[in-house]
Amino acid sequence: MQAADRLRSLTVVLPCHDEEDNVVSAIRDAREAAEQAAEQHEIVVVDDGSSDATGRLAAAAAAEDPRVRVVVHERNRGYGAALRSGIAAARCDWILLTDADLQFDLSELVRFVEPARTHDVVVGYRLVRMDALMRRVNAYAWNRLVGQVFDLDVRDVDCAFKLIRRDLAQHLALTADGAMISTELMARAALAGASIAELGVHHRARVAGQQSGADPVVVLSAFRELRRIRAELGAAPVRTPPASEPPHPAAA
């Protein structure tokens, strides 16, 4: 892409907990995608109290490339806390919030640049979710629930492919420590009057590491945070109109 067709600067935030099998590839993929989509970039890896080699591998990548920085949580504080630390550490104009589990093709980021010119947030949604049936059912129910509770018109609130203006993200009073962070981010952005676009992205099955989204502790924590954040917001955000999407290229 020509410079005029790219973002001026981009921070890619990669929250990690015990991702030693994925973190090196995740940093590489983030670097390649950012070089295509932005004139300047940085990668912020948040090591959320990993007990494996994630932190060491991320530190080695940072030693080789000054554009990679590592934020370390001495103990596991949760997915939301990791995203909040990454957002706080970001220095560039735009932030890509994604995961280090290699379930998204970050090369699709270039498609987010054009809608970012006229929107504050560009949110991905999984065209075909490559998860077990029960996980897909739970995700559908969760999306319906938070959509009604917060009056959000977002197809896939937990999709880990979100591009957001840094100044907006850093001014949102995010408080969730767990999985509720994605809903809170979108609810507070909508309440702040942010314009939101959605784009379909391809999803991959996880091939290394372990998912924690179905852990009963994680689920119960998400419901507790949902009640707390709903009470904090008081009134539901004004519904954001659905954004039109250009035709998506055929899957490779």
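I began with the second largest cavity, which holds about 60 Å³ of space; a cavity is here a set of points, on a 1 Å grid over the protein atoms alone, where a 1.4 Å probe fits but cannot get out, whereas a pocket is an open set with protein on both sides within 12 Å along at least five of seven lines, and lining residues have an atom within 4 Å of a point. Grid points are joined across faces, edges and corners, and the volume is the space filled by probe spheres set on the points. I note that this is a predicted model, in which local features need pLDDT of at least 70 and side-chain atom pairs count only at pLDDT 80 or more, while totals for chains, interfaces and linings use all residues. Residues are numbered from 1 along each chain as its sequence is written, and side-chain values use heavy atoms, with hydrogens and water left out.

I listed the lining of the second largest cavity, which includes Leu-14, Ala-26, Asp-29, Thr-98 and Phe-104. Its residues divide into 5 nonpolar, 2 polar and 3 charged, where Ala, Val, Leu, Ile, Met, Phe, Trp, Tyr, Cys and Pro count as nonpolar, Asp, Glu, Lys and Arg as charged, and the others, Gly among them, as polar.

I then counted the cavities of 30 Å³ or more and found 3 in the structure. The largest cavity has a volume of about 80 Å³, and its lining includes Tyr-79, Thr-98, Lys-162, Ile-181, Ser-182 and Leu-185. The elements that give two or more residues to this lining are α3 (79-89), β4 (94-98) and α7; helices (H or I, at least four residues) and strands (E, at least two) are DSSP runs, numbered from the N terminus. By class, the lining of the largest cavity has 9 nonpolar, 2 polar and 1 charged residues.

Buried means under 20% relative accessible area, exposed over 50%, and partly exposed in between (1.4 Å probe, protein chains only). Among the buried residues of α7 are Glu-184 and Arg-188, and just after the helix Gly-193 takes a positive phi of about 85°.

I next looked up the second largest pocket, with a volume of about 210 Å³. Helix α5 supplies the largest share of its lining, 5 residues, and β5 (121-126) also gives at least two. The lining has 3 nonpolar, 1 polar and 6 charged residues, including Arg-126, Arg-144 and Asp-156.

Asp-105 and Arg-204 pair at 3.9 Å, N to O. Asp-105 lies in the loop between β4 and α4 (113-116) and Arg-204 in the loop between β7 (196-201) and α8 (216-233), so the pair ties together parts that are 99 residues apart in sequence. The side chains of Arg-165 and Asp-120 meet in a salt bridge at 2.2 Å, N to O. Arg-165 lies in strand β6 (residues 161-165) and Asp-120 in the loop between α4 and β5, so this pair ties together parts 45 residues apart in sequence. I also noted one network, in which salt bridges that share partners join Glu-184, Arg-188, Glu-225, Arg-228 and Glu-232.

Notes: A salt bridge is a side-chain nitrogen of Lys or Arg within 4 Å of a carboxyl oxygen of Asp or Glu.
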